Amino acid sequence: MFAMKVRYLFWIGVLFAVGSAYAESVHVRMARIPDGDISRLRGRLPLPAKNDAASRGVFSLIRGTLDGNSAGVKVLTDGKLPREEDSPDENFFLFGKGMLLLDLKKVTDVTRISTFSWHPQERAQQVYTVYGNDQESSDHVDEMTGWKLIARVDTRRKEGDQGGFYAVSIEREGVTLGRYRYLLFKIEPTGKGAANHTFYSEIDVVSTEDRNLQYILPGENNRTFHFASKDRAYRFTVDFTDAPELEEWSRQKLAPVVSEWYGKLVGLLPSEGFTPRREVRFRFKDDMGGTPAYAAGGEICLNHSWYVSEQKGEALGAVVHEMTHVVQDYGGGDKQAPGWLVEGIADYTRWFLYEPQTRGARFTKRNDDIHYNDSYRVTANFLDWCQRKYSRDLVRILNAASRVGEYDEAIWKRVTGKTVQELGEEWKRELPDR
Ligand SMILES: [Zn+2]
């Protein structure tokens with residue numbers, strides 16, 4: 001008979017912890033933090049570590065399917081927690097059951113295993129069994145024998161709110177969990193249905209060699225500041241977690257332009273019955289390749305390295321372009337605006353309304369190869385010409401129709417008396433000679 005000890009943690013007066021451990025005197029301790037403030041772990045359970053033995057090992061999924069929206073195994077040891085409670089690309093999660101293998105690279109005396117997860121609903125909960133193996137190495141880990149059960153973890157709550165940040169810690173009193181080269185996590189869904197797979201944020205394995213553990217500190221995973229427009233109608237967040245050196249620039253340069261121009265763009269692109277987003281979030285990211293910035297829903301992602309190099313260059317203009325996309329808010333509908341027009345409007349507001357003095361979309365040379373539908377600044381130039389020559393309402397009308405999925409080429413003719421192709425030819429002829 002194994003001794004089984006489960007220590008219960010009291011959390012804001014609520015008893016919470018369910019788990020079982022099979023190996024002798026193994027303690028499984030758990031905590032749930034509804035609001036995700038990990039400072040509440042202090043004095044109760046270890047905070048997530050950055051430089052533990054797992055971070056020197058290699059995780060691989062040997063059975064099961066990674067969910068397509070998941071970030072993959074790398075986030076389990078990146079020493080970072082997700083910024084918010086529902087952040088698929090900062091968590092590892094499966095589609096179905098699976099087995100996660102950790103190769104510690106050498107036989108290691110393991111003192112503690114900790115797993116951390118975060119989600120607003122049932123996917124916060126953890127259900128898994130962890131085994132260890134002390135074989136030196138194996139080419140066929142799949143067929144390896146000699147696995148020892150270390151603990152089974154099940155943090156599911158029978159009633160009440162299931163969401164939050166979950167921390168699980170597996171230890172043994174006075175002795176280590178054992179010497180292992182490999183750890184195997186048999187991961188189970190938290191319930192029936194497709195969306196019941198735990199959002200694992202970090203897995204720590206601490207060994208007797210880890211004497212100077214560095215921990216993820218509360219607040220470190222989420223460095224943001226908030227501000228509002230002057231009339232308090234709109235609220236903004238800037239997340240500079242991945243770009244701490246841009247904090248000052250964000251506060252001094254970005255915030256004033258955002259708070260002034262978001263509302264202006266809303267006013268420039270009005271339409272009946274339209275409610276603009278009241279909250280917009282800006283976030284610096286490192287994994288954007290060559291893309292300077294993009295907007296998705298109410299979030300604008302900014303390429304960290306591009307913003308470092310363009311602080312005095314194109315940085316703010318690009319933000320106005322992306323904010324235009326947030327304001328455009330073109331959904332579905334039968335008749336969607338063509339991409340060249342969507343980008344043309346965003347560059348029109350940027351180059352002709354926000355920063356006309358830079359003359360970034362003025363052409364000094366007639367070029368037979370350019371066309372009104374070349375998108376971005378070429379289309380912006382075309383739109384500006386149409387606005388000045390034919391109708392000050394053209395962009396507003398094109399935008400209003402696009403917003404409800406009713407874009408139609410006939411709009412050009414109705415507003416200006418000419419087809420878009422005719423306008424394009426005329427615009428080209430009138431571009432300056434040099
Ligand atoms: Zn764009």
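This is a predicted model: local features need pLDDT of at least 70, side-chain atom pairs count only at pLDDT 80 or more; totals for chains, interfaces and linings use all residues.
**Stop 1**

A search of the whole structure finds 23 aromatic pairs. Start by selecting Tyr372 and Phe382. Their ring centres are 5.3 Å apart and the planes stand at 45°, so this pair is tilted. Tyr372 belongs to the loop between α5 (339-354) and α6 (376-389), while Phe382 is in helix α6, so the pair ties together parts that are 10 residues apart in sequence. Are these two residues buried or exposed? Tyr372 is buried, with a relative accessible area of 12%. Phe382 is buried too, and its relative accessible area is 0%.

**Stop 2: from Phe382 to Trp427**

Phe382 lies in helix α6 and Trp427 in helix α9 (residues 420-430), so the pair ties together parts that are 45 residues apart in sequence. Both Phe382 and Trp427 are buried.

Now widen the selection. Which residues make up the aromatic cluster that includes Phe382 and Trp427? The cluster consists of Trp340, Tyr372, Phe382, Trp385, Tyr390, Trp412 and Trp427.

**Stop 3: charges over rings**

Select Arg350 and Trp351. Arg350 lies over the face of Trp351, at 3.8 Å from the ring centre. Then move to Arg403 and Phe274, where the charged end of Arg403 sits over the ring of Phe274, 3.5 Å from its centre.

**Stop 4: α2 against α5**

Display helix α2 (residues 247-268) together with α5. Their axes come within 12 Å and cross at roughly 110°. That angle makes α2 roughly perpendicular to α5. The crossing is right-handed. To see the contact, select Val257, Trp261, Leu265 and Leu268 of α2, and Thr349, Leu353 and Tyr354 of α5.

**Stop 5: α4 against α5**

Leave α5 on screen and bring in helix α4 (residues 315-328). The axes of α4 and α5 are 9 Å apart, and the helices pack at an angle of about 130°. This makes α4 oblique to α5. The crossing of α4 and α5 is right-handed.

Which residues of α4 and α5 make the contact? On α4 they are Leu316, Gly317, Ala318, Val320, His321, Thr324, His325 and Gln328. On α5 they are Val342, Glu343, Ile345, Ala346, Asp347, Thr349, Arg350 and Tyr354. Arg350, part of this contact, is the residue that lies over the face of Trp351. Thr349 and Tyr354 take part in the contact with α4 and also in the contact with α2.

Notes
Residues are numbered from 1 along each chain as its sequence is written. Side-chain values use heavy atoms; hydrogens and water are left out. Rings of Phe, Tyr and Trp (its six-membered ring) pair if their centres lie within 6.5 Å; planes under 30 degrees apart count as stacked, over 60 as edge-to-face and the rest as tilted. Helices (H or I, at least four residues) and strands (E, at least two) are DSSP runs, numbered from the N terminus. Buried means under 20% relative accessible area, exposed over 50%, partly exposed in between (1.4 Å probe, protein chains only). A charge sits over a ring if NZ of Lys or CZ of Arg is within 6 Å of the ring centre and within 35 degrees of the ring normal. Axes are lines fitted to C-alpha atoms, for helices over the stretch in contact, and angles run from 0 to 180 degrees between N-to-C directions. Angles under 35 degrees count as roughly parallel, over 145 as roughly antiparallel, 65 to 115 as roughly perpendicular and the rest as oblique. A crossing is left-handed if the near helix is turned anticlockwise from the far one by less than a right angle, and right-handed if clockwise. Contact means heavy atoms within 4.5 Å.
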